[in-house]
Amino acid sequence: MLYDYSDSGNIVRFASYTLPGPAEACFIRLASIAHFDAVATYRVTRDNLPELLFAYTVGGQGQLTYRGETHVLTRGTVFLIDCREWHDYRTTGDHWDFLWIHMGGALAEAYARQIWEQKGVAMRGGADFISQWQAVFDLAQLNDARCQPQLSAALYELLTLFLRPRQG
């Protein structure tokens, strides 16, 4: 696996979650979730991480290179990628403030394929993405395996936001 964290920044909030193995097939699995304010030199280049990555830009600016395309990540830009494929993302200004979630499971991957076919990798998103990220974060902080159905449902709702018709 190619993996490079170059000079990070400030993690504002972070939670890591471990799901018991048998539930993998029927739930969307949360691996980690964070609110991150990255410094100007922040860069991640990697592949072969068996998770999906959701990210929402709150402020500042970043850049994503994935599947041969480069996306400018300004406030309100949201993306979803498969981290098994080579990708590079970085800060392109003085900082990049973003929310992210690493998730996995067969259900998440099937839904991601539908999102990519219909909407692509990156798009403009609204405050509903922030609200749903917060709902996932709140459940993850409980660190209780009994919450897995609710956590999976919250992640499913987050992915559903990608497929909603765009307003205006």
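This is a predicted model: local features need pLDDT of at least 70, side-chain atom pairs count only at pLDDT 80 or more; totals for chains, interfaces and linings use all residues.
**Ground rules.** I number residues from 1 along each chain as its sequence is written. Local features need pLDDT of at least 70 and side-chain atom pairs count only at pLDDT 80 or more, while totals for chains, interfaces and linings use all residues, and side-chain values use heavy atoms, with hydrogens and water left out.

**Entry one: aromatic rings.** I searched the whole structure and found 14 aromatic pairs. Rings of Phe, Tyr and Trp (its six-membered ring) pair if their centres lie within 6.5 Å; planes under 30 degrees apart are stacked, over 60 edge-to-face, and the rest tilted. I looked up Phe79 and Tyr89, a tilted pair with 6.4 Å centre to centre and 50° between the planes. This pair links distant parts of the chain, as Phe79 lies in strand β7 (residues 77–82) and Tyr89 in strand β8 (residues 87–104), 10 residues apart. Strands (E, at least two residues) and helices (H or I, at least four) are DSSP runs, numbered from the N terminus.

Buried means under 20% relative accessible area, exposed over 50%, and partly exposed in between (1.4 Å probe, protein chains only).

Next I checked Trp96 and Phe98: their ring centres are 3.9 Å apart and their planes at 20°, so this pair is stacked. Trp96 is buried at 0%, and Phe98 is buried at 2%. I also noted that ring pairs join Phe36, Tyr42, Phe79, Tyr89, Trp96 and Phe98 into a cluster.

**Entry two: a charge over a ring.** The charged end of Arg67 sits over the ring of Trp116, 4.4 Å from its centre. For this, NZ of Lys or CZ of Arg must be within 6 Å of the ring centre and within 35 degrees of the ring normal.

How many salt bridges does a search of the whole structure find? I got seven, each being a side-chain nitrogen of Lys or Arg within 4 Å of a carboxyl oxygen of Asp or Glu.

I followed Arg84, which is partly exposed at 36%. Arg84 meets Asp82 at 2.9 Å, N to O, and Asp82 is buried at 8%. Arg84 also meets Glu109 in a salt bridge, at 3.4 Å. Here Arg84 is in the loop between β7 and β8 and Glu109 in helix α1 (residues 106–119), 25 residues apart.

Last, I looked at Asp88, whose salt bridge with Arg90 has its closest N and O atoms 2.6 Å apart. Asp88 is buried at 1%, whereas Arg90 is partly exposed at 24%. Arg43, Asp88 and Arg90 are linked in a network of salt bridges.
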